[in-house]
Amino acid sequence: MNTWVVLKFGGSSVSNLAKWKVILATVKQRLAAGYKVVLVHSAAQGLTDLLTKKITNNDDIYTPFKDKLNTLCKELKVELQLVSEQLKKLKSLVEKPTLDLWQQAELLALGEQCTHVLGVAYLNTQIETASLDPKSCLISSTDDQRSTESQILSAKCRVARNDILSEKLTENFYVMPGFYVSNCNHKTVLLGRGGSDTSAAYMAVLLHAKQLEIWTDVHGIFSANPHSIPSARLLLKLGYQEAREIAASGGKVLHPRCILPVEQHNIPLLIKNTNDPEKVGTVLAHEYSPTKPRVSAINARHQVTLVSMESINMWHQAGFMGDIFAIYKELGLSIDLVSTAQTNVTISLDNMDNVLTTSKLKALKDALSTLCEVTVIKNCSAVTLVGYRIRALADKIAPVLSSYADQRVHITTQSSNDLNQTFVVDEDQADKLVRALHEVLIIEDKEIDDFGPTWTELVQEKQAKPTVTTAWWQNQASELLSIAQEHSPCYAYHLPTIKGQIEQIKKLSAVDRFYYASKANSHPDVLRFMYQNGVCLETVSPMEIQRVQSVCPEISPQHILFTPNFAPIDEYRDEIEKGIHVTIDNPSLLFDYPEIFKHKAVILRLDPGHGSGHHRYVRTAGVHSKFGIPADDVERVAEFCEKNQISVIGLHAHSGSGILDHSNWARIADYLGSCLPHFPEVEIINVGGGLGIRENPGDLGLDLLQLNTALLAFKADHPNIKIWMEPGRFLVAHCGVLMAKVTQTKWKGKQGYIGIETGMNSLIRPALYGAWHNIVNLSKINDAHEYTANIVGPMCETGDVLGIDRKMPKTQVKDVLLIANAGAYGAVMASNYNLRAPAKEIIIK
Ligand SMILES: *Cc1c(COP(=O)(O)O)cnc(C)c1O
């Protein structure tokens, strides 16, 4: 009898040669251990997004798609010609003005199919590899009662152990594309979101696999989203049901649909990180049930809308609830949470699929208002605790919630199996609530078994590996220590590192001009250095402009960009008179003061509709952000400018900070490009800044090559348009470190604290955004880690924390701690809070 394992590699895990080498090594290991292997894979990162654009925007995506494949071919040293048939099919589909559902499925499957052909060609140069056609073994179920659309784009298969298939597969190693399967008429249908995971789960069931391994770009399931809570702990062991609850509550690692098949057939599911293959992961299995009550994960889902229905006496009448729910059903709205009281029923609608349009909400309100009084509450977040016997933890949860008494908890729901509890709060409260609950339920409960290392520990350990690039300060420890002896607490800025970042960014050949966002670090030497190295300067206040002009007296006004927000009108008038490029982000300025802008050239800041970024406070687009002209106003503004002889020469958007998704800027360009027909004089598109950096030397960072490819595609379509970009943090974060001496150490039970001379008065990012900065003991840089401690400042403020749960060597008073990546939004955001002067700034040439 054969013993199979099924391995699944996701989009980012099949997108370059390094990842394919990990795949190869993993497969070889499994084969050597005596298993037969089926490898299921997704489409290489970015391909499916492109294909989707054909369907949503009718974009001509043929060339960018082909370019992406070409890049992959070059990496894998295989011929693009291998996919000529698939490309031909793509071409014919792209040329059709509209696609029916069957054609959409055919189109979307091309991402997996092309990746498959290229991946198999590469693997065959290394190891004997057989290709497996999913349509030959996975057939969607014929008794699906759902809509045709669901049956084609989100199909389901009914699977059971199939020993005949297992015997028929005589090779030892098969590769199969995920996401698409066959229907009973041999047509292509898709498995919907998380489809490749589901394909792999089905295969594991068919082959009665010993194990299903999902390889992705995280270590496993964490107790919270590690991007907002770096002290989130890896969950080593979970029950299937618990994992499904976590997936449904916003933990994005697995799609709930892929868990069910392996759960029903009791096949263990292991999650592993392709970027760090040696590390532990999360295992899902049956036999598991913890002994104590516990919360294992806390997650938030955003964009939740609540509908509160109030009625004095009707709830008791038979059929009334039925009538209410029939209305939702008719409108195709799925209800997520329900909470009932004497005279009120409140439900939540999940807007993740973006089906909740304003007109639909209005229709819902109209239909319901004949039955009850309706209030719609938008922009909520559902914060969900998942665990075992959560009710038994009420004594710990209640105090956290009561500290939120002024921030209303709209509804609370609890599952009858006691596996989850949800609180719906305003969206801007959610992150804070998650952090507070995580603190008491998970960080303080250090005893719980099955909690693995924190995310920070995992990435810190990774950093110790020799393959990782070294940061500049690692080679300059003794020089930095002598600077710190004299000047601490102090920032040190290393200009050669800025030079290196400028060289990086200049590889973006699609960008015609870079404006450095001065607000990230406006030290005079930094500003001058930028301009001397061919980077223009973007400013947000007249004071920044003054500084720029005083440190670079030769600068032409054209090389200064002024992007104020809610500033007094005089500032606009003065700077525009000087010939400085001014960006306007509020229509009422134009409407109220047309004479100021008459015959002047202006740039308009548009709101592309949704923001991105590492934290809610740094997302600068979407209705919750104060920036930009909303889409609804664009036409009116264009007409007004034309009538009043205001010359719009540029369109701008900046959607957030710390963005690592390379497609962000092309998406902005596409949006601005779609507005061009309204503005015949526009010659510049400014796609903003927000380029994310490697927070850790081991991180992948932003893929500049792909970013450039996408922008080049935009330029090919708009040959007369110049592209500008405004990076801030990307250029300066790495160059700066903050150094401070240890003042005191303390132990409170098991919790260690290391205090240093300065805190949030010098660097507020950890307190404000929960930002993670690497912290090392520079005086003991080569010593082994001995314990974990929180690094705190001297301010009288609980939030004055620079790092949580950091592994440190034995640390003593007067040691110098170094906080890395502090060159951006550090000194510029410093304050004199507590009347403690913030850190000085020192330049290293
Ligand atoms: C802050 C800002 C930037 C720079 O953002 P980073 O995240 O530092 O790259 C760019 N453009 C505008 C308009 C900004 O306000």
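Which residue has a backbone N or O atom 2.9 Å from an oxygen atom of the ligand? Select G728 to see that atom. Before going on, note that this is a predicted model, in which local features need pLDDT of at least 70 and side-chain atom pairs count only at pLDDT 80 or more, while totals for chains, interfaces and linings use all residues. Residues are numbered from 1 along each chain as its sequence is written, and side-chain values use heavy atoms, with hydrogens and water left out.

**Stop one: the ligand**

Next select R729, where a backbone N or O atom is 2.7 Å from an oxygen atom of the ligand. Taken alone, the ligand exposes 380 Å², of which the protein buries 95% (accessible areas by the Shrake-Rupley method, 1.4 Å probe). Then select K519: an N or O atom of the K519 side chain lies 2.7 Å from a ligand oxygen atom.

Now show the whole shell. The ligand is surrounded by 16 residues (each with a heavy atom within 4 Å of it). The closest are K519, S657, G690, E726 and Y825. By class, the shell holds 4 nonpolar, 7 polar and 5 charged residues (Asp, Glu, Lys and Arg count as charged; Gly is among the polar ones).

**Stop two: N344**

Select N344, in strand β14, residues 344–350 (strands are DSSP runs of E, at least two residues). N344 counts as buried because its relative accessible area is 14% (buried means under 20%, with a 1.4 Å probe and protein chains only).

Last, select F562, which is 218 residues from N344 in sequence and 51 Å from N344 in space, C-alpha to C-alpha.

Definitions and conventions: Polar contact = N/O pair within 3.5 Å; in protein donor to acceptor, adjacent residues only side chain to side chain. Helix = DSSP H or I, 4+ residues; strand = E, 2+ residues; numbered from the N terminus. Buried < 20%, exposed > 50% of the residue type's maximum accessible area, 1.4 Å probe, protein only.
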